[in-house]
Amino acid sequence: MLDFLLTNFRLVMVGGFLFVVGVSQLNRIVGSALGLAFVSLLAFLGSQIYARGGVVGLGVFPVGQAMFYVLCGVLAAFNLVGLWIALGERSRRARFQHERDTDS
């Protein structure tokens, strides 16, 4: 299974991003959490590719190992911030609903 994922890394990357974006459109909390898990998977697969002497490329441009990890970190940070914002919005909506229900 690992060899299949490594061989088809670009397909996994594109398909995963599309899936995460689609889920995020339906539910931001689940999408952000799934995004964090997906970026972790990409980082793991990338480390395996580099360990085997390969190179990860974005499009036709090869990306060095350090830059790949920086990109994974940035994507993880975006997902973490998105999760934090979505949870805050859910909390604010719940407080507003509770205040509205108790005022009646």
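Helices here are DSSP runs of H or I with at least four residues, numbered from the N terminus. The model is predicted, so local features need pLDDT of at least 70 and side-chain atom pairs count only at pLDDT 80 or more, while totals for chains, interfaces and linings use all residues. Residues are numbered from 1 along each chain as its sequence is written, and side-chain values use heavy atoms, without hydrogens and water.

View 1. R92 belongs to helix α4, residues 65–103. With a relative accessible area of 47%, R92 is partly exposed (between buried, under 20%, and exposed, over 50%; 1.4 Å probe, protein chains only). Together with R90, R93 and R95, R92 forms a positive surface patch. Patch residues have over 30% relative accessible area and no salt bridge; like charges are joined within 9 Å and nonpolar side chains within 5 Å. A salt bridge is a Lys or Arg side-chain nitrogen within 4 Å of a carboxyl oxygen of Asp or Glu.

**View 2. The nonpolar patch.** F17, L58, M67, V70, L71, V74, L75 and F78 make up a nonpolar surface patch with about 680 Å² of accessible area together. Helix α4 gives the largest share, six residues. L71, in helix α4, is partly exposed at 33% relative accessible area.

**View 3. N79 and L75.** N79 lies in helix α4 and is buried, with a relative accessible area of 16%. A polar atom of the N79 side chain is 2.9 Å from the backbone oxygen of L75.

**View 4. S40.** S40 sits in helix α3, residues 28–51, and is partly exposed, with a relative accessible area of 47%. From S40 to R95 the C-alpha to C-alpha distance is 33 Å, at a sequence separation of 55 residues.

Methods:
Areas by Shrake-Rupley, 256 points an atom, 1.4 Å probe, with all protein chains shown as cover. Lys, Arg positive; Asp, Glu negative; His and termini not counted. Charge placed at Lys NZ, Arg CZ, Asp CG, Glu CD. Helix = DSSP H or I, 4+ residues; strand = E, 2+ residues; numbered from the N terminus. Polar contact = N/O pair within 3.5 Å; in protein donor to acceptor, adjacent residues only side chain to side chain.
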